[in-house]
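Walk through this structure from its overall fold to the contacts of single side chains. Keep the model in view as you read.

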Amino acid sequence: MGYGLVRYGSSNQSRLLVFKLGGTASLPPPPPPLPPLVLNRRRPPLPRRSSRRGTREFVSHCTTCHEPLYANRSVFPDLRYSPMLAAKETFAAIVLDGQLQANGMSSFKGRLSPDEVESIRAYMIERANQAKNRRRAPPPPPSPH
């Protein structure tokens, strides 16, 4: 058993391999790869102060599930790719009002204020923009050595 490292919302396409001495069967072809993730169109950055506050709030409340570099291993969505970042009201409805509780997303009502939720959204927009800019950046020049 393992994590599987499959993107959130995708099947890991598990299969059971059974071997027989002298068998001649071959494996079926692997499934086609998933299309690459696409960052949503670039959004205007929100005030830097809000983003700094959002960093603290994200680390305190969201990292365990939504930080792909450390914890989530694709079990939960990477919020940099969430279309909900574009809609302040929808983002708040999910985080505060529990709009996605049926899908396993807890409500943070009583633990986060609307301003704190907006600061988390600002931080995630900043991270999405950083990732988008990294993808567009030209490769570094070859080393002279």
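From the N terminus on, the elements of the chain run α-α-α-α. That makes four helices and zero strands. The model is a predicted one. Of the 145 residues of the chain, 30% count as buried. The accessible surface comes to about 10800 Å². Carbon and sulfur atoms account for 59% of that surface.

Now turn to the interior. In soluble globular proteins, nonpolar side chains tend to be buried together. Here the largest nonpolar core has 14 residues. Those with the most contacts inside the core are Phe-58, Phe-91, Val-95, Leu-112, Val-117, Ile-120 and Met-124. Two elements give two or more residues to this core: helix 3, spanning 88-95, and helix 4. Helix 4 gives the most, with five residues.

Is Ile-120 buried or exposed? Its relative accessibility is 3%, so Ile-120 counts as buried. Set aside its neighbours within four places in sequence. Ile-120 is then in contact with Gly-54, Glu-57, Phe-58, Cys-62, Phe-91 and Leu-112. Ser-51 is 69 residues from Ile-120 in sequence, yet the two C-alpha atoms are 7.0 Å apart in space.

Phe-91 also belongs among the core residues with the most contacts. Leaving aside its neighbours within four places in sequence, Phe-91 is in contact with Met-84, Leu-85, Val-117, Ile-120 and Arg-121.

Next, the rings. A search of the whole structure finds one aromatic pair. Phe-58 and Tyr-123 form this pair, with 5.4 Å from centre to centre and 55° between the planes, a tilted arrangement. The pair links distant parts of the chain. Phe-58 is in helix 1 (residues 48-61) and Tyr-123 is in helix 4 (residues 114-136), 65 residues apart. Both Phe-58 and Tyr-123 are buried.

Thr-55 is found in helix 1. Thr-55 and Ser-119 are 64 residues apart in sequence, and their C-alpha atoms are 7.9 Å apart in space.

One further ring takes part in a charge contact. The charged end of Arg-111 sits over the ring of Phe-108, 4.4 Å from the ring centre.

Last, the cysteines. A disulfide is a covalent bond between the sulfur atoms of two cysteines. How many disulfides does a search of the whole structure find? The search finds zero. Cys-62 is in no disulfide, and the nearest cysteine sulfur, that of Cys-65, is 8.6 Å away. A disulfide would need them within 2.5 Å. The surroundings of these cysteines can be read from their accessibility. Cys-62 counts as buried because its relative accessibility is 11%. Cys-65 has 30% relative accessibility, so Cys-65 counts as partly exposed.

Definitions and conventions:
Residues numbered from 1 in each chain as written. Predicted model: local features only at pLDDT ≥ 70, side-chain atom pairs only at ≥ 80, totals over all residues. Heavy atoms only, no water. Phe/Tyr/Trp six-rings, centres within 6.5 Å; stacked < 30°, edge-to-face > 60°. Buried < 20%, exposed > 50% of the residue type's maximum accessible area, 1.4 Å probe, protein only. Lys NZ or Arg CZ within 6 Å of the ring centre and 35° of its normal. Contact = heavy atoms within 4.5 Å. Core = buried A, V, L, I, M, F, W, Y, C linked by side-chain atoms within 4.5 Å. Areas by Shrake-Rupley, 256 points an atom, 1.4 Å probe, with all protein chains shown as cover.
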